[in-house]
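Student: I would like to learn how to read the features of a protein model. Please show it, and start with the terms.

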Amino acid sequence: MSAWLLPEHIADVLPADARRIEELRRRLLDRARGYGFELVMPPLLEHLESLLSGTGRELDLKTFKLVDQLSGRTLGLRADTTPQAARIDAHLLNREGVTRLCYCGPVLHTRPSGLNATREPLQFGAEIFGHGGLEADLEVAELALDCLHAARLSDLTIDLADARVLRGVLAGAPVDASRLQDVVAALSEKDASALEALAVGLPDETRHGLRALLRLYGGDEVLAAARSELPQRSLITAAIEQLEWTARHLRAAFPGLAIGFDLSDMSGYAYYSGLRFAVYGAGSADALARGGRYDEVGAVFGRNRPAVGFSLDLKALADLAPAVGAGRAIRAPWGDDAALRAAVRRLREAGETVIAALPGHEVETQAFECDRELVLLDGQWQLRAC
C-alpha cells in the first residue's frame with residue numbers, strides 16, 4: 001500500500017478549500033459573538049463517560065475509543081462537542097445565570113453519515129445554558145439561520161419538530177426501551193408496516209396517534225391536524241403551541257424563510273427533550289444545521305441545567321457556499337535591498353498580501369491573484385498594476 005493513502009472518508013483540505021473554510025469560520029464566529037456567545041476550545045479526547053453523557057446509543061456507535069496508557073481508562077475521540085460544552089458550563093464556569101458558549105473544531109466519526117460524507121467534520125456549534133424558556137430556543141434557531149446567511153446561502157427551509165409529541169402519544173403505554181427504539185426507527189423511516197406491527201397490543205388511542213404521526217409533515221396544516229388526530233394530552237398541546245409560537249417569530253425575523261413541520265422526525269430522539277429543528281438549503285440532500293433543546297445533557301455532571309443549541313459541519317457548508325475568487329495579492333521580487341524589504345514590510349503591515357518570488361522561481365499559486373507588482377521606478381519601490 002502507498003504511504004500517502006488516507007483512511008476511507010478522511011481527506012486533506014487543500015489550500016483553496018482551506019481558505020474558504022477558514023474565512024467562513026471567521027464569519028460564523030463573528031455572528032455568534034454578535035449574539036454574545038463566548039468561544040471555548042474543548043480537547044479532542046477525554047474520558048468516555050463524559051463524552052457520552054445523556055446522548056444515547058447513536059453517539060456511542062459514532063465514537064472512536066482507545067485506552068489511556070497513563071491511567072488505563074477508556075478514552076473517546078469526540079464525535080460531538082455538545083457534551084463537552086455542558087461539562088464546561090457545569091464545572092469549569094459554574095455560573096448561576098445564562099451562559100452562551102460557541103465552539104469550532106474537528107470531530108471524528110467511526111462511520112460516515114452518508115455516501116460522500118467525511119468522518120472528520122469541522123463542527124461549529126452554539127449552546128445556551130440556564131434558560132428553559134422558548135426565548136432561548138428562538139435565539140438559537142435565529143443564530144443558526146444567520147450563520148447560513150453569512151455563508152451566502154439562500155432558499156432556506158427550516159423544519160420544526162418536538163420530541164415531546166411522541167412522548168405524549170406513548171404516555172401510559174407499556175413500551176420498553178427496546179420497543180421504543182424500534183418505534184423511533186420506524187417513524188424516522190416512515191415505515192408504516194413496521195410501525196403497525198410494533199403497535200400491536202398498545203391502547204387504541206396510542207395506536208391511532210402513532211399512525212397519525214406518519215402523516216404529520218408539511219406546512220401549517222400539520223399543526224391543525226395534530227390537534228384533531230393526536231391524543232388530547234397536555235404534553236402534546238404544549239408542544240404544538242410552542243411550535244406555533246416559534247414559527248410565528250421566525251417568519252417575522254426572516255420573511256423569505258420557508259417553514260415546515262415534521263412531527264415524525266425522530267433524529268436524535270434519545271438526545272432532545274423538546275423543540276428541535278433542521279435547516280435545509282437548495283442543493284443539499286441533508287440538513288445544513290440541526291439543533292434543539294436537550295435539558296438532560298448536563299445531568300451526569302451533577303448540574304442539570306436547561307440547554308439548547310445547534311451545530312453544523314463547516315466543511316459541508318463550505319462546499320455549498322458560493323465560490324469566492326482568488327485573493328488579491330502583490331508580486332514582489334526577492335532581494336536584500338533595504339528599501340525593497342522595508343516596502344514589503346509596510347505593505348504587509350497594512351494588510352496586503354505580498355508574495356515574494358524566491359530566487360530561481362516564479363510566483364505560483366492558485367489561492368491568490370497577483371493584480372499588482374512591486375517595481376523599482378525612478379529609484380523608488382512602487383506599486384504597478386499587472
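Tutor: A residue is called buried under 20% relative accessible area, exposed over 50%, and partly exposed in between, with a 1.4 Å probe and protein chains only. By that rule, buried residues make up 46% of the 386 residues in the protein. The model is predicted: local features need pLDDT of at least 70, side-chain atom pairs count only at pLDDT 80 or more, and totals for chains, interfaces and linings use all residues. Residues are numbered from 1 along each chain as its sequence is written, and side-chain values use heavy atoms, with hydrogens and water left out.

Student: How many helices and strands are there in the protein?

Tutor: Helices (H or I, at least four residues) and strands (E, at least two) are DSSP runs, numbered from the N terminus. The protein has 13 helices and 16 strands. Its C-alpha atoms fill a box of roughly 90 × 55 × 50 Å, taken along the principal axes.

Student: In what order do the nine strands of the open sheet come?

Tutor: Strands of a sheet pair through backbone hydrogen bonds, either parallel or antiparallel. Two strands count as paired if DSSP finds at least two bridges between them. Here the order is β1-β5-β6-β12-β11-β10-β7-β9-β8, and the pairing is mixed. At the edges are β1 (38-39) and β8 (217-218), each of which pairs on one side only. Inside the sheet order, take β7 (residues 157-162) and β10 (residues 275-280): they pair in the antiparallel sense over six bridges. Leu160 has Phe277 in β10 as its bridge partner.

Student: Which residues of helix α13 are buried?

Tutor: An α-helix has 3.6 residues a turn, so residues three or four places apart point the same way. In α13 the buried residues are Leu340, Ala343, Val344 and Leu347. They cover an arc of only 100° around the axis, which puts them on the same side of α13; the arc is that of the directions from the helix axis to the C-beta atoms. Ala338, Arg345, Arg346 and Glu349 are exposed on the other side of α13.

Student: What span should the 12 residues of α13 have?

Tutor: The expected span of a helix is 1.5 Å times one less than its number of residues. For α13 (residues 338-349) that gives 16 Å, and the end C-alpha atoms are 16 Å apart, which agrees.

Student: How many salt bridges does the structure hold?

Tutor: A salt bridge is a side-chain nitrogen of Lys or Arg within 4 Å of a carboxyl oxygen of Asp or Glu. The structure holds 27 salt bridges. One of them joins the side chains of Glu38 and Arg95 (2.6 Å, N to O). This pair links distant parts of the chain, 57 residues apart: Glu38 is in strand β1, and Arg95 is in the loop between α4 (82-93) and β5 (99-106). Glu38 counts as partly exposed at 35% relative accessibility, and Arg95 is partly exposed with a relative accessible area of 31%.

Student: Which residue forms a salt bridge with Asp371?

Tutor: Asp371 pairs with Arg328, the closest N and O atoms being 2.9 Å apart. Asp371 lies in strand β15 (residues 368-377) and Arg328 in strand β13 (residues 327-333), so the pair ties together parts that are 43 residues apart in sequence. Asp371 is partly exposed, with a relative accessible area of 23%, whereas Arg328 counts as exposed at 53% relative accessibility. A network of salt bridges links Arg328, Glu352, Asp371 and Arg372.

Student: Which residues make the nonpolar surface patch of about 210 Å²?

Tutor: Patches are made of residues with over 30% relative accessible area and no salt bridge; like charges are joined within 9 Å, and nonpolar side chains (Val, Leu, Ile, Met, Phe, Trp, Tyr) within 5 Å. Accessible areas come from the Shrake-Rupley method with a 1.4 Å probe, and for residues only the protein chains shown count as cover. Leu44, Leu45 and Leu66 make this patch. Leu66 is in strand β3 (residues 64-67) and counts as partly exposed at 35% relative accessibility.

Student: What is the phi of Asn94?

Tutor: Asn94 has a positive phi of about 55° although it is not a glycine. Asn94 lies in the loop between α4 and β5.
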